[in-house]
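Here is a short report for a reader who is meeting this structure for the first time. Please keep the sequence and the model in view while reading.

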Amino acid sequence: MDHTEPNEPDFGRTGYVAIAGKPNVGKSTLLNAILGQKIAAVTYRPQTTRKQQLGILTRAGEPGVSQAIFIDTPGIHEPYHLLGERMNSEAAAALEDADLILVLVDAARPPDDNDRRLAEAVAEHAPRTARLLVFNKIDQVSPESLEAHIDGFAELFTEVESIRISALRGDNLAELVDTIFARLPAGPPFFPPDQVTDLYEREISADLIREAALLHLRDEVPHSLAVRIDQFKERGDTGAYIEATLFVERDTQIGIVVGSGGEMLKRIGTHARKEIEAMSGRKVHLQLRVKVRKNWRSDPGTLSNFGFSK
Ligand code: GDP
Ligand code: MG
């Protein structure tokens, strides 16, 4: 006999989860840890994540399939140029669309101006949205400092449920995921169950190349670096063939990226190739070049070309 009521469909819970936090708090690390694979670029440099990216977690269960769709927002920060402004407006849009906001903070340090800015942005763009205050990097702080910092954050983000995690070590992530699903509205999944991201492999590859460059380069270059994939071809058993261009803003930066005898570019290429191979599970042949595109971060046309929408 069928006990299902006619207007009670077997839905799980589905919704959008914005991961909000200032640069470098561990948003991308958390997303990768939750999804169990690397889809977001992670580095020790702030502002690694430039574009909004979805990460999809599907869970089978009773009464039905549930899906949490994560948005790894570019960090909210003081905009210094047009690129910064567009990153902030993407982050604001992610807050407005979310069913749940994970407010991620660095528990190893006291709140600062960027945390205050985030608190204001959340209050402005999503005053009524469900929130979860997530204290990350608990592996990096003594219990006494942790309590002091938590008091500081509690003043900024009031009336919010909180959880303490280490995205890097995996502490409390299972509890976090359970809490997230419990807060999402009932409804059927939006994406096929085996889909993990909405990004194409070539966009992820561009991000991984950029990440490799940021890891190896000195401070004067990183924020003016963009990556464009020029060719992405399948070559059967020999894997994929990828050609990409690294764009810098000034002539003087070409030498830095290429290095003496091409040694730096080679290092970046080897690093990126290994990451792309690990991500896609096959062999990759990667060819990199470097070009100058003057002041691309302030040029609307070039920004759109590189995929930063208005
Ligand atoms: P995002 O800018 O918020 O996306 O930050 P990332 O995910 O790129 O992480 C920034 C840095 O913090 C990286 O070096 C991470 O390895 C580090 N990190 C992230 N989560 C943790 C954590 O739980 N503990 C520690 N010790 N480091 C972390
Ligand atoms: Mg990031």
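## Terms and basis

A residue counts as buried under 20% relative accessible area, as exposed over 50%, and as partly exposed in between, using a 1.4 Å probe and protein chains only. This is a predicted model: local features need pLDDT of at least 70, side-chain atom pairs count only at pLDDT 80 or more, and totals for chains, interfaces and linings use all residues. Residues are numbered from 1 along each chain as its sequence is written, chains are lettered from A and ligands numbered from 1 in the order in which they are written, and side-chain values use heavy atoms, with hydrogens and water left out.

## The chain overall

The protein chain has nine helices and nine strands. These are DSSP runs numbered from the N terminus: helices are H or I with at least four residues, strands are E with at least two. Of the 310 residues in the chain, 48% are buried. Contact means heavy atoms within 4.5 Å. Among contacts with a separation of 6 or more, 72% join residues 24 or more positions apart.

## Around ligand 1

Ligand 1 is surrounded by 17 residues. A residue is near a molecule or strand if one of its heavy atoms lies within 4 Å of it. The closest residues are N24, K27, S28, T29 and D139.

Polar contacts are pairs of N or O atoms within 3.5 Å; within protein, one must be able to donate a hydrogen and the other to accept it, and residues adjacent in sequence count only if both atoms are side-chain atoms. N136 places a polar side-chain atom 3.1 Å from an oxygen atom of ligand 1. For S166, a polar side-chain atom lies 3.2 Å from an oxygen atom of the ligand. A167 uses its backbone instead: an N or O atom there lies 3.0 Å from a ligand oxygen atom.

N136 belongs to strand β5, residues 130-136. N136 counts as buried because its relative accessibility is 4%. Leaving aside neighbours within four places in sequence, N136 is in contact with residues including V25, G26, D106, S166 and A167.

Helix α1 covers residues 27-35, and seven of its nine residues are buried. Among them are K27 and S28. Just after α1, G36 takes a positive phi of about 75°.

Nine of the nine residues of β8 are buried, so the strand is largely enclosed by the rest of the structure. In a regular strand the side chains alternate between the two faces of the sheet. On one side of β8 sit A240, I242, A244, L246 and V248; on the other sit Y241, E243, T245 and F247.

Two strands pair if DSSP finds at least two bridges between them. β7 and β8 pair in the antiparallel sense over eight bridges. One bridge links F232 to I242 in β8. The two strands form a hairpin with five residues between them, and G236 in the turn has a positive phi of about 55°. β8 and β9 run parallel and are joined by nine bridges. Here F247 stands opposite K291 in β9.

## Helix α6 and the cores

Helix α6 has 16 residues, 201-216. The expected span of a helix is 1.5 Å times one less than its number of residues. Buried residues of α6 include I204, L208, I209 and L214. The buried residues of this helix pack against β7, β8, α8 and β9.

A nonpolar core is a set of buried Ala, Val, Leu, Ile, Met, Phe, Trp, Tyr and Cys residues joined through side-chain atoms within 4.5 Å. The largest one has 28 residues, and I209, L217, L225, L246, V257, I268 and L286 touch the most other members. Two or more residues each come from α6, β7, β8, α7, α8 and β9. The largest share, seven residues, comes from α6. A second, separate core of 24 residues includes I19, F70, L173 and L184.

## Two further residues

W296 lies in the loop between β9 and α9. W296 is buried, with a relative accessible area of 0%. W296 and E249 are 47 residues apart in sequence but 6.5 Å apart in space, C-alpha to C-alpha.

A148 is found in helix α4, residues 143-156. A148 is partly exposed, at 47% relative accessible area.
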